[in-house]
Amino acid sequence: MVNPSLGEEIGPVPVGPAGGPREDELLATLRRLLSDDAPGVRLGLGDDAALVDMGAHLGVLTADMLVEGVHFDLATTSARDLGYKAVAVNVSDVAAMGGSPRYGLVSLGVPAAVDASWVVELYGGIRDAATEYAVSIVGGDTSRSDRVVLSVAVTGEVARGRAVTRAGARPADRIVVTGWLGGAAGGLALSRADPHVVAQAVGWGWGHELLGAHFRPAARVGEGQALAGGGATAMIDVSDGLTLDLWRLCRESGVGAAVRLADVPVHPALFELAGVLEVEPLELALSGGEDYELLATLPAPAVKDVASGLRDRFGTTLMEIGEIRAGEGLTAMDRDGNERPMEPKGWDHLAG
Ligand SMILES: [Mg+2]
C-alpha cells in the first residue's frame, strides 16, 4: 500500500506511545506522506474528518468503506441495513466535528453473482439514511469486484470557529459520552448466535434493541453541534471502542485520561445478553466499537448545562465518565478509587 521507494523519505513506521494498533501506525505514516501546506486545508488526515475552506463555512470531508468479510457478512446483514449504516457512519464523523452533513457520494463494488434486487435494496437503505440525516446523494461509481465493497464519502459544513477536533482536550476537562455503549457489539454477537437464541431474544424485546444498535446505528448530529456549542474542547465518535477512541483523542491532545469504570454507560440489554451468551457487558462497553456515540471533553463547569440540553432537545443522556490528566495513557478507576493502567483495546481494521 505504501510505495517502498518512499520508505527512506518517510522513515520507519512509528509505533504509538501505548503501542497503538496497526491501523494507527499505518495512518501515522500516510499522514506524514500526504501532509502539505496547501492553502485552504485547515485540517488534513488524522481526525474524524478533514476541514477545508469552503465559502463562508468550513467544509467537512470524510469517507468510510465497508468491506464484505471485514465489516459485514452477507449471510447476516440485509442490503437495506448495510446501505443505511454506510451513510450513518459517515454522518457520524461529520457530527464528531460539530458539523452538519450535506452531500454524499456512493461507490459500490459488487460481484456478478449478486442480484440486481439486492443492489436496489442497498440503495433503498442509502436513501433511508440520506432522508434521515438530510444528505443529498449526488454521485458515485459502480464496478465489478470479487466481494461487496461499499465506499461512501460525505461532505458537511461547520461555522468557522465551531469545529471541534480531537486535539483540544486539556487537563481537568471532564470526559463525557452520549447514549449507551456496547450495544452494537452485543448486537453483532447476538446476530452470530444460534437462530433460536436470536428469535427468543427478539421476542423478549432486548434482542431487537441490540440488533438495531448494530445494524442501524444512529449518528448524533444534533448532539455533536450542541456539544460544540457548549464548549467541547475535543470530540471523536466511538467507532472502534471507547478505550481505543479515547486513547486516540488523548494522543492528538497530548494528554492522558482517567475513566471511572462504574460510570461507563453499559447498554442495559447487555446484562440480558450475558444470560444467554458468554459476554462481559463492561468489556463490550469499553472495547466493543461501532456504537457511533460521541465522546467529548468539556470544561467541568459546562457539563451540567450541556447534559440537560441534550436530554431536553434530543432525549439523549450525556454521561460524565472521567477526567483528562496531564501526561499520557489511560487509567481505570474502580468504585473504591483504586487506579490501574488501562490498555486501549478495540477494533483494528487492518488486523481484522
Ligand atoms: Mg470517527
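A residue counts as buried here when its relative accessible area is under 20%, and as exposed when that value is over 50%. Keep that cut-off in mind as we walk through this structure, which is a predicted model.

Let's start with the whole chain. It has 352 residues, and a compact globule of that length would have a radius of gyration near 20 Å; the protein chain has 20 Å, so the two agree. Along the principal axes, its C-alpha atoms fill a box of roughly 55 × 55 × 40 Å. In secondary structure terms you're looking at 12 helices and 13 strands. Buried residues account for 49% of the 352. The contacts tell you something about how the chain is put together: take those between residues at least 6 apart in sequence, and 82% of them join residues at least 24 apart.

Next, the metal site. The magnesium ion is coordinated by Asp48, Asp93 and Asp237, each through OD, at 2.0 to 2.1 Å. Written as a sequence pattern, the donor spacing is D-x44-D-x143-D.

The buried set is Val221, Gly222, Glu223, Gly224, Ala226, Leu227 and Ala228. In an α-helix there are 3.6 residues a turn, so residues three or four places apart point the same way. After H8 comes glycine 231, with a positive phi near 105 degrees.

Glycine 222 is worth a stop within H8. Its relative accessible area is 18%, and the cut-off for buried is under 20%, so glycine 222 qualifies. If you go looking for glycine 275, it's 53 residues away from glycine 222 in sequence and 35 Å away in space, C-alpha to C-alpha.

Over in helix H4 (residues 116–132) you'll find alanine 130. Its relative accessibility is 6%, so alanine 130 counts as buried too. What does alanine 130 touch, once residues up to four places away in sequence are set aside? The partners are Val87, Val135 and Ile137. Glycine 104 is 26 residues from alanine 130 along the chain, and their C-alpha atoms are separated by 8.2 Å.

Our last stop is serine 191, in helix H5 (residues 183–191). With a relative accessible area of 14%, serine 191 is buried. Leaving out its neighbours within four places in sequence, serine 191 is in contact with Thr76, Leu211 and Phe215.

Methods
Residues are numbered from 1 along each chain as its sequence is written. This is a predicted model: local features need pLDDT of at least 70, side-chain atom pairs count only at pLDDT 80 or more; totals for chains, interfaces and linings use all residues. Side-chain values use heavy atoms; hydrogens and water are left out. Buried means under 20% relative accessible area, exposed over 50%, partly exposed in between (1.4 Å probe, protein chains only). Helices (H or I, at least four residues) and strands (E, at least two) are DSSP runs, numbered from the N terminus. The radius of gyration is taken over C-alpha atoms; the globule rule is 2.2 Å times the number of residues to the power 0.38. Contact means heavy atoms within 4.5 Å. Donors are N, O and S atoms within 2.8 Å of the metal (3.2 Å for Na, K and Ca); water is not among the atoms, so sites may look incomplete.
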